[in-house]
Amino acid sequence: MAKDPVRVLVTGAAGQIGYALVPMIARGVMLGADQPVILHMLDIPPAAEALNGVKMELVDAAFPLLKGVVATTDAVEACTGVNVAVMVGGFPRKEGMERKDVMSKNVSIYKSQASALEKHAAPNCKVLVVANPANTNALILKEFAPSIPEKNITCLTRLDHNRALGQISERLSVQVSDVKNVIIWGNHSSSQYPDVNHATVTTPAGDKPVRELVADDAWLNSEFISTVQQRGAAIIKARKLSSALSAASSACDHIRDWVLGTPEGTFVSMGVYSDGSYNVPAGLIYSFPVTCKNGEWSIVQGLPIDEFSRKKLDLTAEELSEEKALAYSCLT
Ligand code: NAD
Ligand code: LMR
């Protein structure tokens, strides 16, 4: 029997990530090749015409799984009945703007969209925040949507996770699909800590630790880390635009694994509400290693953390605490 359609909201859908993301969702990349979807696309009035153009293209592409498209500049209409919300819309930093100016714009966007989601989304709606500062926007959304369970509000660090897999695969000349269990800890910013201490590569002789195969701790502890931390900036330098296809694809990976589950023995990175695991302060949205089953994520527990890693986990937590304080100062 055919499944009922799932309603998926994409905010900022007329932007560049939105343009890459909506066809992926309509093709079943996010929720599966047998899952019909209804797309809800939200943008702001100046982008209404472009948004309508995206809707026209979705119709023209004749996606068999796409059962409807709502394209609107009204947050209530956009949020009504959605089961999955991918929050890509936000205010970009412009010339002459300070960090606090950008934070203040985004805090007010995420505060008002939190209310629209809380009141109008389907019960148990899963939320993924992509727009930067992703962790802190997600935290604000959580604070202003108190009736949405905190486990349902996450942010995207899967792109950083996938970047780390890509770097190891290139370095070792192995298939990216054979590398697993890298971890991104912390913020989706250059303070994040890409950690390979638990990562392995599948070989004909079984799974081998990445550290053993790379056999170059100096590279793993410096260049590898900074390459992943700075990859977003490197893409902007090369494209004069920030990453879009990789961000869209990683957003699909994030939701797919959350809804359909992670493969046995594999963990992925998600920005989730900290419960104090690994001595990360509770009350931050922090990227942890997680596994997913039956539509729920759980933080992987008990991984040994060496002194080098400890410092890096703490550093990125400090940055997130500062961002949280800045965001709250914008609210008052
Ligand atoms: P973009 O500027 O091309 O698109 C953003 C869209 O959001 C625009 O169409 C804009 O009109 C819309 N928008 C602005 N305010 C809105 C509001 N209040 N409601 C709904 N829509 C609104 O930007 P992009 O390249 O698509 O990137 C989007 C965001 O994602 C940026 O904040 C970017 O920094 C971030 N990003 C995050 C990651 C990640 O891994 N977490 C990766 C890449 C980019
Ligand atoms: C990325 O990681 O590619 C983006 O978050 C970069 C950015 O600042 O938009």
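Trainee: In what order do the strands of the open sheet of three strands come, and how do they pair?

Mentor: The order in this open sheet is E7-E10-E11, and the pairing is antiparallel, where strands (E, at least two residues) and helices (H or I, at least four residues) are DSSP runs numbered from the N terminus, and two strands pair if DSSP finds at least two bridges between them. Keep in mind that this is a predicted model, in which local features need pLDDT of at least 70 and side-chain atom pairs count only at pLDDT 80 or more, while totals for chains, interfaces and linings use all residues. Residues are numbered from 1 along each chain as its sequence is written, and chains are lettered from A and ligands numbered from 1 in the order in which they are written.

Trainee: Which strands stand at the edges of that sheet?

Mentor: Strand E7 (179-180) and strand E11 (206-209) do, and because each has a single partner strand, one side of each is left without a neighbour in the sheet.

Trainee: And how many bridges join E10 to E11?

Mentor: Four bridges join these antiparallel strands, which form a hairpin with two residues between them. Thr202 stands opposite Asp207 in E11, and Thr203 has Gly206 of E11 as its bridge partner. On the E7 side, strand E10 (residues 200-203) pairs with E7 over two bridges, again in the antiparallel sense, with Val179 opposite Val201 in E10.

Trainee: Switching to backbone geometry, which peptide bond is cis?

Mentor: The bond from Asn132 to Pro133 is cis, with omega near -5 degrees, and Pro133 lies in the loop between strand E5 (126-129) and H5. Most residues other than glycine have a negative phi, and most peptide bonds are trans. Asn181 is also worth a look, as its phi is near 65 degrees, a positive value in a residue other than glycine; Asn181 is placed in the loop between E7 and strand E8 (183-185).

Trainee: Now the ligands: which residues come nearest to ligand 1?

Mentor: Gly12, Gly15, Ile17, Gly89 and Asn132 come nearest, out of 28 residues around ligand 1, a residue being near a molecule if its C-beta atom, placed from the backbone, lies within 6 Å of it. Helix H1 (residues 16-26) gives the most to this shell, with three residues.

Trainee: How does that shell divide by class?

Mentor: The shell around ligand 1 has 16 nonpolar, eleven polar and one charged residues, where Ala, Val, Leu, Ile, Met, Phe, Trp, Tyr, Cys and Pro count as nonpolar, Asp, Glu, Lys and Arg as charged, and the others, Gly among them, as polar.

Trainee: What surrounds ligand 2?

Mentor: Ligand 2 is surrounded by Asn132, Leu159, Gly232, Ile235, Ser242 and Ser243, and this shell divides into two nonpolar, four polar and no charged residues.

Trainee: On to helix packing, at what angle do H4 and H5 pack?

Mentor: Helix H4 (residues 99-120) and helix H5 (residues 134-143) pack at about 40 degrees with their axes 8 Å apart, the axes being lines fitted to C-alpha atoms over the stretch in contact, with angles from 0 to 180 degrees between N-to-C directions. That makes H4 oblique to H5, since angles under 35 degrees count as roughly parallel, over 145 as roughly antiparallel, 65 to 115 as roughly perpendicular and the rest as oblique.

Trainee: Which residues of H4 and H5 meet?

Mentor: Asn106, Val107, Tyr110, Lys111, Gln113 and Ala114 in H4 meet Asn137, Ile140 and Leu141 in H5, with contact taken as C-beta atoms, placed from the backbone, within 7 Å. By class, these residues are five nonpolar, three polar and one charged.

Trainee: How do the axes of H6 and H10 cross?

Mentor: The axes of H6 and helix H10 (residues 245-260) come within 8 Å and cross at roughly 105 degrees, and the two helices are therefore roughly perpendicular to each other. Arg158, Leu159 and Asn162 in H6 meet Ser246, Ala247, Ser250, Asp253 and His254 in H10, a contact with two nonpolar, four polar and two charged residues.

Trainee: And where do H6 and H8 make their contact?

Mentor: The axes of helix H6 (residues 158-172) and helix H8 (residues 217-229) come within 9 Å and cross at roughly 140 degrees, which makes H6 oblique to H8. Asp160, Arg163, Ala164 and Gln167 of H6 make the contact with Phe224, Thr227 and Val228 of H8.

Methods
Contact = placed C-beta atoms within 7 Å.
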